[in-house]
Amino acid sequence: KSALFREMCCDLKRRFLLLYATQKGQAKAIAEEIRHQAGVHGLEADMHCMSEMDKYDLETEKDPVVIVISTTGTGDPPDTARKFVKKIQDKTLPPDHFAHLQYGLLGLGDSEYTFFCNGGKTVDRRLQELGAQHFYDTGLADDCVGLELVVDPWIDGLWFALKEAFLLQKEKEGMSSVVNAVSSSLSASPHTVHELNLSSEVQSLKLQDERVRSSDVLSQKLVDINLVASARDTEPSLVHSVPPVSQSALNIPALPPEYLEVQFQDTHGENPHLSSLISEATTFEVPITKALTTEDAIKTALLLELDIADTVFDYQPGDAFCVVCPNNVSEVEELLHILGLSEKGEYFVSVKVKQGTKKKGATHPQHIPERSTLKFILTWCLEIRAVPKKAFLRALVECTSDMGEKRRLQELCSRQGAADYTRFIRDSNVCLLDLLRAFPSCKPSLNLLIEHLPKLQARSYSASSSNLYQPGKLCFVFNIVEFPASPTRPVSRKGVCTGWLAELVAPLLRSNKNTLDTKEESTSIGKISIFARPNNIFHLPADPSVPFIMVGPGTGISPFIGFLQHRQKLREEHTEWEFGETWLFFGCRHQDRDYLDELRSFLENGTLTHLKVCFSRDSSSAEVAGPKYVQDVIRLYAKEVARDLLKRGYFYVCGDKKHMADGVSDAIVDILSKEMEADKLEAMKILAMLREAKRYLQDVWS
């Protein structure tokens, strides 16, 4: 029987389908780690991006399927999953459409946002509705506390679950003499994860698998603890550890195989057009025609106006759009200097897959041009500010000559150093430059950077205007993001895009006392590239008679300026229509600035029915005394808010999530509970129903 079992193991069909859907590269990196570990386990992961629907077919798939999927926007699946999700959400599909399918799903999300892991949950729920069955429990990883807290153990448990699935597959093919009978009472419910009653051979396979894992043959290796430097300090830091980490044997990831080679060519030619870097949508080059700024001791806000008259770019109030932005010039220059490539910045480079690489399925990164200058790649293609993943740290270990620095990098990518990684890398927002400054003996190769740094993402902003009210114009408002210096980051920085835009319009602001409105001057600062961000539901109610409430402190007011401009124009053009009442709860730091004149004009002409304003930094006086924050002002109008919400009304929130949006939703729960004389749980259910009905909508950021 044992010989037969071993023979069966050799004949096991060891392929499984591995699908990933990613927005910023996290899901793909995790899928690649799964594929790498699969090889160590003698399994073959047939890996594809979910968008590559011509390369796989779930309708005929017989092998187990593993899915890794992230979440973007306000709980949406990533762009690369949109076609897949649309296909499986076809209402004509029968409930047994995927009855043949066995799958395990790992969802990635951030609990800072309302619809945590909703991309993964959406796919999981729909596959279940269509009859697919789990062979492994769904994992939901939270980037707020560290994805690895769920991802690592989920991957660890995947291998035995896959082997169970393969054994069950063999049993169904008639090899029941090897495996004890699976319980005849397997639930028909698609929501049940089947418990298999396996033979002693299968149990021994599990024990053997655990022994392999404990001996770290998988994707980890034991690091010699003799490398530990003597600890003089009692507090850990980015470059220094303390016991127990400093005295531990370390389990570190396997060294990712290098798979790209970079060849320098000449300095002749032209770089690709920026539009070639964007696969999501059509890009438009548009000039900045106006800039306004407001600032105080804490924040600087900018309002920019773009001229879209000569394009076919169209938008609705509340829509988002993306700005294609470069990395900071001085950071690119510093990176070139550290790499010893300052003289090579203007040289064209060719990036190709290395012949004989051990990386399975290695392909040329889509975001890297076939031919461009080195400076172009570092400026427009790679997110050099990205927080390095553990696989990147592991690769950097091999490029570090100082033994103490090498050991610390090993600690930071190890399981034993997980808390240090979270504290000193992830939560401190450390980037590659910070690491290279902190570990000066680390000299990575250029191909390593291209392999491990993710694609430079375009930045998303909410439209703050109406094309109906201002034809040919697109406005947006943002705070200039500031990252102060810290122990892990010796220099302060501005946000990649907001800092670039501020620098771009600085001459414009200086030359004309905060305004610019002439074509000659606007062309002098050049154009920026933008593209629409699809699938936005943060729009005005289709029925103008429906009441709606807007909550937008600070730059959260941005989309609501567009809402009110649009509503004003509709009122002027359609005097016979019935318009519902409108509320705006707005908060700012001081009463002598920040959009108040424009908002009061909306109030005076009847576009805005109610304007409630609070000032968080002005000292109280008879005129402004009262609550300092919008969530507190909302409570003063509990009856009116509850009335509108319960009679078809819409509720919009835009702005900071942690310090405002969560407080607003808590206030709404309390208001519903009080006005309906219901308990808090019932009020929370009503709020959940409003969210589900797309009548409580958020456009928030952390």
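In this predicted model, Arg459 counts as partly exposed, at 22% relative accessibility. Its side chain meets that of Glu383 in a salt bridge, with 2.8 Å from N to O. Glu383 sits in the loop between H8 and helix H9 (390-397), while Arg459 belongs to strand S15 (residues 459-462), so the pair ties together parts that are 76 residues apart in sequence. Glu383 counts as buried, because its relative accessibility is 9% and buried means under 20%.

A second salt bridge, also listed at 2.8 Å (N to O), joins the side chains of Arg437 and Glu334. This pair links distant parts of the chain, with Arg437 in helix H12 (residues 432-438) and Glu334 in helix H7 (residues 329-338), 103 residues apart. Arg437 is partly exposed at 27%, and Glu334 is partly exposed at 25%. Both residues take part in a network of salt bridges that also includes Glu331, Arg385, Asp434 and Arg493.

Within helix H4 (residues 118-129), Glu129 and Arg126 lie three residues apart, about one turn of the helix. Their side chains meet in a salt bridge of 3.0 Å, N to O. Here Glu129 is partly exposed, at 42%, whereas Arg126 is buried, at 12%. The whole structure holds 32 salt bridges.

Turning to the strands, an open sheet of three has the order S9-S13-S14 and antiparallel pairing. Its edge strands are S9 (260-264) and S14 (371-373). Neighbouring strands of this sheet are turned by 35° against each other on average, direction ignored. Five bridges pair S9 with S13 (residues 348-353), and Glu261 has Lys352 as its bridge partner in S13. Helix H8 (residues 374-381) lies across S9, S13 and S14, running at about 90° to S14.

Note on methods:
Residues numbered from 1 in each chain as written. Predicted model: local features only at pLDDT ≥ 70, side-chain atom pairs only at ≥ 80, totals over all residues. Heavy atoms only, no water. Pairing = 2+ DSSP bridges. Helix = DSSP H or I, 4+ residues; strand = E, 2+ residues; numbered from the N terminus. Axes fitted to C-alpha atoms, helices over the stretch in contact; angles between N-to-C directions. Contact = heavy atoms within 4.5 Å. Salt bridge = Lys/Arg side-chain N within 4 Å of Asp/Glu carboxyl O. Buried < 20%, exposed > 50% of the residue type's maximum accessible area, 1.4 Å probe, protein only.
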